[in-house]
Amino acid sequence: MATETSTQSYSEKWYWDDRYTNESDPFDWYQNYPSLSPLINLYVPHPTHRALVIGCGNSAFSEGMVDDGYGDVVNIDISSVVIDAMNKKYSDRPQLKYLKMDVRDMKAFQDASFDAVIDKGTLDSILCGSNSRQHSTQMLEEVWRVLKDKGVYILITYGAPNYRLRLFKESSCSWTTKLHVIDKSLTGQPLETPKWELTKPIPLDDEGSSVESAIGKSPDVHYIYVCIKVGTPWFDGVEGVTQCPILPGEIFTYQFVVDRPGTYMYHSHYGMQRESGLIGMIRVSPPSTEPEPFTYDYDRSLLLTDWYHKGMSEKATGLASIPFKWVGEPQSLMIQGRGRFNCTNNMMTPQRSEAEVCNTSHADCSRFVLMVIPGKTYRLRIGSLTSLSALSFQIEGHNLTVVEADGHYVEPFTVRNLFIYSGETYSVLLKADQNPSRNYWITTSIVSRPEKTPPATAVLKYHPNHPRKHPPTPASSNFRPEWNDTRHRLAQSVAIKARKGFAHAPPENSDKVIVLLNTQNKVNGYMRWSVNNVSYQHPTTPYLIALKHNLTNAFDWRFTPPERYDSKSYDIFAVPSNANATMSDGIYRLKFNSTVDVVLQNANTMSVNNSETHPWHLHGHDFWVLGYGEGKFNEMEDPKRYNLVDPIMKNTVAVQPYGWTALRFRADNPGVWSFHCHIESHFFMGMRIVFASGIDRVANLPSSIMGCGQTKRLV
Ligand SMILES: O=C1O[C@H]([C@@H](O)CO)C(O)=C1O
């Protein structure tokens, strides 16, 4: 830097015009592209991502990005002198665009138009000038506006955490912030050994005081803040938690960023409406530059469900009545919405003869047919949205190699029976490597509850066989384990490990442990399910809106449900001696960015010698599955056996009869999140809790989610 000047001029346009008129050689503030590229690659992983470099000056940084493969790098600067010069210099590089613009006013860009904004010293320059607070807030709010949800603002600065974090808080932007550091003296030459590992974040608490203990006082570093634009927690779709119900005739648009490849499902989340069929699967493909760690020729989806003849209102009424009327077992299981029922008894009407209703070639009765070409490999994405049943899925004579679970790659392992619980998804690879002259049974059958519903059947048809060519074996010969063979099922859960090279290691420790005892109870004579003796009561005003708008009487604001149960004296193998529970709409509040362990403890129901399987689903986060155990969880001993090396991340996990499951997650998604048993009737009967965290970071809520309870006046 040649010019001698007061730093105050750094915020002035005339200073930069003047400077660039006199200095044309490229100059990079703080760091150049080679030294920062590992971090840029980490947070801007796809070459197709659109980046905005603010206050670009005549830096060679963006050229470095384009040389590294990025295809769309937009640069702005307040100085027309430098923009003219850069346009001339890069006239032959269409990937680089240069525009004269003030970063405090970027109205030429639409909202949500960039995946990343990169700032090397621009915020610092603005802070040098007069009215710096006002100008920096304007700038941060503009940066936030032009970023897509979950887009990153990468700020390279000399500003230490206590100053910069305060600045972030002063604006109305909601970020999740990570901190990295880089030695000031690094130049990006290959042989240098950095003191700090660039891509490893430094622990960062709310005030930034944790940083000094990690890297010492006044370290010789540049700070790099990676601020991730907080998503859209109001589009989670849970009635009463994140939004009001969508009334008949209304149109509601969900907008969210699909940021991880994998297999997902959607369904309605109002009362027990899901089981009426408002469901589906979502496939998210990886970008072409990021190959999946396995190969296949064709991609197919199979959604598994169960079906009742009774409608959901009748069932819900029974569950909420005295005497209690249990929904019972489903009448049919279904593969891709196709199932069967022995209809000779009760489906016939004077208008429909038995032959009409039960004829196997009738379209209503036809099985789902999965056609395969001999020798080819199929990726089958299997999801379960059963309302009650846990399932075993199998294809006669074929192995299934599991490669993905709930959107995370797993170390491949081979099974004959895939156990799948409601809310889970798996991808398995199926090779069509058996005798192609015949067809095979695909079946799914009930496990974990006495099997009163026949398996669902579909047909694996080898091309070019006729789809109605019956497999030569009876469908019932398709091997499936005993319904109560819990160990067999647990073995599959324990076998699932994160895929090498794709694992995200969990934090080594947690800030909080919550142990949740799941019990069947009575409340005022009604049959309920409870968590630590509290059965969930659904509010009429959605929690997210109540919390954000300070509607303090919308739910029991002051009641915090218990984080433990009396594990010393509670006998999980006995019918509860005092089965009465309380109802509450109180919620668990988690410190934003804290690490939370949740242990789900199963117990005996109100029937002697009976404990059930519960698939628990967490909204808004993925969690690491740290371990499973039989019997009562021991808080001193069992955590020593947690898998902290390669645990799989999931969003739904089973808790086996009389067993426990331990999971860990980071409360890093500001919002209000439901955590519940994915069995529709258990969810309805109160087996759910709610976590809230980082509400102050949630941006203004859209009015489309409002209109019910105390939010009537907000629309
Ligand atoms: O919640 C349930 O109630 C019944 C039974 O326990 C009482 O009828 C059952 O199987 C459930 O899962």
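Predicted model: local features only at pLDDT ≥ 70, side-chain atom pairs only at ≥ 80, totals over all residues.
We can start with helix α4, which spans residues 80-89 and has Val-82, Ile-83 and Met-86 among its residues as buried positions. These three lie on the same side of α4, because the arc they cover around the axis is only 100 degrees. In an α-helix, residues three or four places apart point the same way, since each turn takes 3.6 residues. The packing partners of the buried residues of α4 are α1 (13-22), β2 (72-77) and β3 (96-100). Where α4 starts, the backbone nitrogen of Val-81 has a side-chain oxygen of Ser-79 within 3.3 Å.

Turning to the sheet, six strands form an open arrangement in the order β11-β10-β13-β18-β15-β16, and their pairing is mixed. Strands β11 (332-335) and β16 (408-415) form the edges, each pairing on one side only. On average, and with direction ignored, neighbouring strands of this sheet are turned by 25 degrees against each other. Asp-306 has Leu-333 of β11 as its bridge partner.

The last stop is a loop residue. Glu-275 sits between β8 (262-267) and β9 (279-284). Its relative accessibility is 13%, so Glu-275 counts as buried, the cut-off being under 20%. Leaving aside residues up to four places away in sequence, Glu-275 is in contact with Trp-307, Tyr-308, Met-312, Lys-315, Ser-387 and Glu-680.

Methods
Residues numbered from 1 in each chain as written. Heavy atoms only, no water. Buried < 20%, exposed > 50% of the residue type's maximum accessible area, 1.4 Å probe, protein only. Helix = DSSP H or I, 4+ residues; strand = E, 2+ residues; numbered from the N terminus. Arc of directions from axis to C-beta. Contact = heavy atoms within 4.5 Å. Polar contact = N/O pair within 3.5 Å; in protein donor to acceptor, adjacent residues only side chain to side chain. Pairing = 2+ DSSP bridges. Axes fitted to C-alpha atoms, helices over the stretch in contact; angles between N-to-C directions.
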